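Hi,

Here is the structure I promised to pass on. Have a look at it first, then read my notes below.

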Amino acid sequence: MPTLALIATGGTIAGSGPQHHYTAGVLDASVLLAAVPELAALAAWQVEQPFSIDSRDMQPAHWLDLAARIRQLQVDPSVDGIVITHGTDTLEETAFALHLLVETTKPVVLTAAMRPASARSADGPLNLLHAACTALDPLAALHGVLVTADASVIHAADLLKAHTHKTDALRCIEGRGLAGQIMADTVRWQTAAPQRLGLPELLALSAGVQLPRVDVLSAHAGASADLIDFCVTAGARGLVLALTGHGSIPADWRTALDRARSAGVQVVRASRISAGGVWPGCNEDDEACGCIAAGPHTPQQARVLLMLALAALPDITRSRLAGLFSPD
Ligand code: SIN
């Protein structure tokens with residue numbers, strides 16, 4: 001019988017209590033497994049619960065800790081695949097960080113739930129079963145880090161939480177295809193994995209490395225440029241701008257952005273619109289500000305990439321950084 005490692009980190013999938021007043025992350029991993037008797041027939045389980053939190057409290061240090069543990073399990077001959085339970089709220093960030101930080105020589109599948117385990121119609125048990133089926137699929141490792149929810153399999157780099165309360169909240173960024181769908185506990189693969197960065201310096205980032213401060217600033221009518229100066233003074237090494245449209249920089253922000261860049265802060269232009277991306281070569285005025293186009297990345301993904309890249313390659317040039325955001 002194959003062995004799956006379960007790394008339980010909390011979230012609503014491990015939540016209990018009244019539907020709108022439950023507490024995330026209070027259930028032991030053994031309770032999640034016991035809720036789905038089929039799991040014991042599919043695999044032997046090696047369970048660990050390094051922390052159990054509401055994912056709004058997830059810290060960048062947790063990404064590095066998880067990546068380090070996954071790397072250990074990847075070389076443990078007694079383990080065939082890795083399943084991670086997590087809250088949905090920041091799953092996009094953890095999934096994208098792991099996409100950048102680990103190679104999947106064995107399947108790595110994250111899952112979550114929108115309803116607590118105590119709900120009348122909890123979605124966690126089926127999502128966990130589907131994560132196990134995916135982690136046992138011989139093709140899963142070729143797809144990189146994956147997420148299962150609502151009978152869908154999503155590549156970690158394509159994940160977006162797109163609804164505040166429905167059980168199909170975890171979706172693909174518009175324009176990307178599902179990795180697969182799960183029918184009768186079997187994955188029907190659909191779309192090849194997106195290109196991986198595979199940067200050795202990122203794959204070598206170890207637990208305990210201090211990640212630099214990178215702030216996300218959202219543009220809106222009348223947004224104050226003071227916030228840019230504030231972040232720089234507070235020690236930000238990078239800024240991600242969640243701008244309007246195709247990453248349009250407000251005229252009022254330009255002088256503060258010049259100051260930020262002169263202080264050595266790397267600035268990435270992303271969009272607050274979740275589809276389409278922000279691409280180089282599309283707006284001369286905005287590019288004259290010397291900011292890096294986020295390419296296909298959402299602001300939250302761009303922040304993860306910028307933090308990890310600045311930690312792994314502290315002296316990286318702006319042009320090399322730009323190439324990481326918009327690879328050819
Ligand atoms: C969390 O992200 O931990 C709480 C919300 C959820 O899992 O849906």
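Let's start with the ligand: one of its oxygen atoms lies 3.0 Å from a polar side-chain atom of T12. That makes a polar contact, meaning a pair of N or O atoms within 3.5 Å (within protein, one must be able to donate a hydrogen and the other to accept it, and residues adjacent in sequence count only if both atoms are side-chain atoms). S55 also takes part, with an N or O atom of its side chain 2.6 Å from an oxygen atom of the ligand. A113 uses its backbone instead: a polar atom there is 3.2 Å from a ligand oxygen. Taken alone, the ligand exposes 250 Å², and the protein buries 95% of that (Shrake-Rupley method, 1.4 Å probe). Around the ligand you'll find G11, T12, D54, S55, G87, T88, D89 and A113, each with a heavy atom within 4 Å of it.

Before going on, keep in mind that this is a predicted model, where local features need pLDDT of at least 70 and side-chain atom pairs count only at pLDDT 80 or more, while totals for chains, interfaces and linings use all residues. Residues are numbered from 1 along each chain as its sequence is written, and side-chain values use heavy atoms, with hydrogens and water left out.

Next, T9. You'll find T9 in the loop between β1 (3-8) and α1 (29-34); helices (H or I, at least four residues) and strands (E, at least two) are DSSP runs, numbered from the N terminus. Is T9 buried or exposed? T9 is buried, at a relative accessible area of 0% (buried means under 20%, exposed over 50%, partly exposed in between; 1.4 Å probe, protein chains only). Its side chain reaches the backbone oxygen of T85 at 2.6 Å. Beyond neighbours within four places in sequence, T9 has contacts that include F51, M58, L66 and H86 (contact means heavy atoms within 4.5 Å).

Now for helix α11 (residues 318-325), where L321, L324 and F325 are buried. They cover an arc of only 100° around the axis, so they sit on the same side of α11 (the arc is that of the directions from the helix axis to the C-beta atoms). The buried residues of α11 pack against β13 (266-271), β14 (292-293) and α10 (299-312).

Last one: G238 is in strand β12 (residues 238-243) and counts as buried, at 0% relative accessibility.

Enjoy exploring!
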